[in-house]
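Biologist: I would like to learn how to read a model of this kind, feature by feature. Please give the general idea, then the case at hand.

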Amino acid sequence: MPSPYRAIFAAPGTKGFSAAGLLGRMPLSMMGIGVVTMVSQLTGRYGLAGALSATLAMSAAVVGPQISRLVDRHGQRRVLRPATLVAVAAVAGLLLCAQQGAPDWTLFVFAAGAGCVPSVGSMVRARWAAIYRGDAQNLHTAYSWESIVDELCFILGPILSIGLSTAWFAEAGPLIAACFLVAGVFTLTAQRATEPVPHPHEHHSGRSALGSRGLQVLVATFVATGAVFGSVDVVTVAFADEQGHKALASVVLAVYALGSCLAGAVFGLLRLKGAASSRWLVGVCAMAVSMIPLQLAGNLPFLAVALFVAGLSIAPTMVTTMALVEQHVPRSKLTEGMTWTSTGLAVGVALGSSAAGWVVDAAGAQAGYLVSGVSGALAAVVAFLGYRRLRRPVTHREGLEADERSERQQHLA
């Protein structure tokens with residue numbers, strides 16, 4: 001491990017919670033694509049598969065920030081364990097209904113319940129922020145490391161999920177994802193020494209972290225970015241199926257994540273200068289441009305190369321986003337703020353996977369990549385329009401003063 005990465009793990013407990021975070025984040029890459037694979041295996045309906053994946057993502061988008069808000073107030077252990085048990089019970093119901101051929105509406109009910117899955121990545125990043133607050137270089141390296149872990153999940157997750165569902169039984173992918181979630185969350189919350197100290201209720205205003213104008217830009221951009229990811233997942237499975245090699249979709253998606261993983265590893269070694277907001281804008285635009293070659297994909301090898309190149313811009317953009325969240329959100333709402341970016345991605349994944357599923361059913365897999373291209377262009381447009389809001393960070397004191405003003409206004413009302 002290069003020395004900057006070795007340095008961040010010198011703090012006690014960091015290896016343990018990062019490893020637990022790896023387990024707990026596996027469902028992020030396994031559950032949605034596992035549901036798509038399962039339903040397409042059982043019914044052959046990509047439209048239904050994409051809609052269920054969208055429902056799962058939308059539910060997580062609604063519930064996730066509320067879970068994180070409770071975590072900021074009451075701590076990770078008290079909130080994450082019951083939320084995880086609810087999510088796992090809903091996943092079990094979804095698998096049972098799919099296997100038994102239950103009416104479509106039952107699948108949507110349980111997919112919505114599965115949205116109680118907590119944002120484990122935000123919980124782990126909040127621990128890093130608590131340990132290295134004020135140390136910009138180590139925090140940059142820590143966020144880069146967690147981006148690498150994210151991409152490892154996206155390399156391994158689709159291979160496991162699609163591979164198990166196609167080679168073993170259709171429900172195997174989501175089932176194993178639920179097992180990873182339980183193992184990761186319960187292992188993470190057992191490590192109390194590194195758990196961020198919750199902020200008492202009186203330190204919170206009624207405002208959400210989303211009241212930050214900078215965070216609003218990040219979330220809006222990530223909705224479009226998530227549509228890129230969601231559409232790429234669904235269309236790649238359909239494209240590989242049309243080519244007669246459906247199981248290879250997991251390998252192609254792993255190559256996509258590999259590009260991001262390698263870029264994240266290099267990015268974490270850099271000593272960066274200049275404004276994070278400028279780096280972020282460049283990263284979003286690079287992701288948009290990288291969608292163009294997908295429109296020309298005629299076979300799986302070409303698609304794999306195009307996705308590898310597209311992946312190179314992902315991790316650096318995600319790392320920079322987390323740095324911007326810390327700059328624009330008060331400390332007492334940091335976990336919630338980080339989760340809102342994940343929520344933006346989840347909403348986008350929902351929209352992208354659903355739109356791509358219907359396009360694939362109507363016009364074929366190749367046409368589905370148009371959804372990815374349009375989504376990337378939209379992300380770049382939103383980033384340009386909102387860039388000014390990100391140029392001036394909100395200091396911690398300013399955030400506290402804003403909270404205090406909001407509290408005074410509530411008392412006067």
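This is a predicted model: local features need pLDDT of at least 70, side-chain atom pairs count only at pLDDT 80 or more; totals for chains, interfaces and linings use all residues.

Biologist: Now charges. How many salt bridges does the structure hold?

Modeller: Side chains of opposite charge can pair when their charged atoms come close. There are four salt bridges in this structure. One of them joins Glu146 to Arg25, at 2.4 Å from N to O. Glu146 sits in helix H7 and Arg25 in helix H2, 121 residues apart, so the pair links distant parts of the chain.

Biologist: Which other residue forms a salt bridge with Arg25?

Modeller: Asp150 does, with the closest N and O atoms 2.8 Å apart. Since Arg25 lies in helix H2 and Asp150 in helix H7, this pair ties together parts that are 125 residues apart in sequence. Asp150 also meets Arg125 in a salt bridge of 2.6 Å, N to O. That pair runs from helix H7 to Arg125 in helix H6, 25 residues apart. Taken together, Arg25, Arg125, Glu146 and Asp150 are linked in a network of salt bridges.

Biologist: Are Glu146 and Arg25 buried or exposed?

Modeller: Both Glu146 and Arg25 are buried. The same label applies to both Asp150 and Arg125.

Biologist: What about rings: how many aromatic pairs does the structure hold?

Modeller: It holds six aromatic pairs. In one, the ring centres of Phe17 and Trp128 are 5.0 Å apart with the planes at 70°, so the pair is edge-to-face; the cut-off for that label is over 60 degrees. Phe17 belongs to helix H2 (residues 14-43) and Trp128 to helix H6, 111 residues apart.

Biologist: Why is Met26 called buried?

Modeller: Buried means under 20% relative accessible area. Met26 has 3%, so Met26 is buried. Met26 is in helix H2, and its contacts beyond four places in sequence are Cys153, Leu156, Gly157, Leu160 and Phe180. Met26 and Gly157 are 131 residues apart in sequence, yet 6.0 Å apart in space, C-alpha to C-alpha. Thr317, in helix H13 (residues 314-328), is buried too, with a relative accessible area of 2%. Thr317 is in contact with Trp280, Gly283, Val284 and Met287, leaving aside neighbours within four places in sequence.

Biologist: And Ile131, which helix is it in?

Modeller: Ile131 is in helix H6 (residues 120-131). With a relative accessible area of 30%, Ile131 is partly exposed. Beyond four places in sequence, Ile131 is in contact with Ala11, Thr14 and Phe17. Ile131 and Gly113 are 18 residues apart in sequence but 34 Å apart in space, C-alpha to C-alpha.

Biologist: Last, the surface. Which residues form a nonpolar patch?

Modeller: Trp168, Phe169 and Leu175 do, with about 310 Å² of accessible area together. Phe169 lies in the loop between helix H7 (136-167) and helix H8 (172-189). Phe169 counts as partly exposed, at 30% relative accessibility.

Terms used
Residues are numbered from 1 along each chain as its sequence is written. Side-chain values use heavy atoms; hydrogens and water are left out. Helices (H or I, at least four residues) and strands (E, at least two) are DSSP runs, numbered from the N terminus. Buried means under 20% relative accessible area, exposed over 50%, partly exposed in between (1.4 Å probe, protein chains only). Contact means heavy atoms within 4.5 Å. Patches are made of residues with over 30% relative accessible area and no salt bridge: like charges are joined within 9 Å, nonpolar side chains (Val, Leu, Ile, Met, Phe, Trp, Tyr) within 5 Å. Accessible areas come from the Shrake-Rupley method with a 1.4 Å probe; for residues, only the protein chains shown count as cover. A salt bridge is a side-chain nitrogen of Lys or Arg within 4 Å of a carboxyl oxygen of Asp or Glu. Rings of Phe, Tyr and Trp (its six-membered ring) pair if their centres lie within 6.5 Å; planes under 30 degrees apart count as stacked, over 60 as edge-to-face and the rest as tilted.
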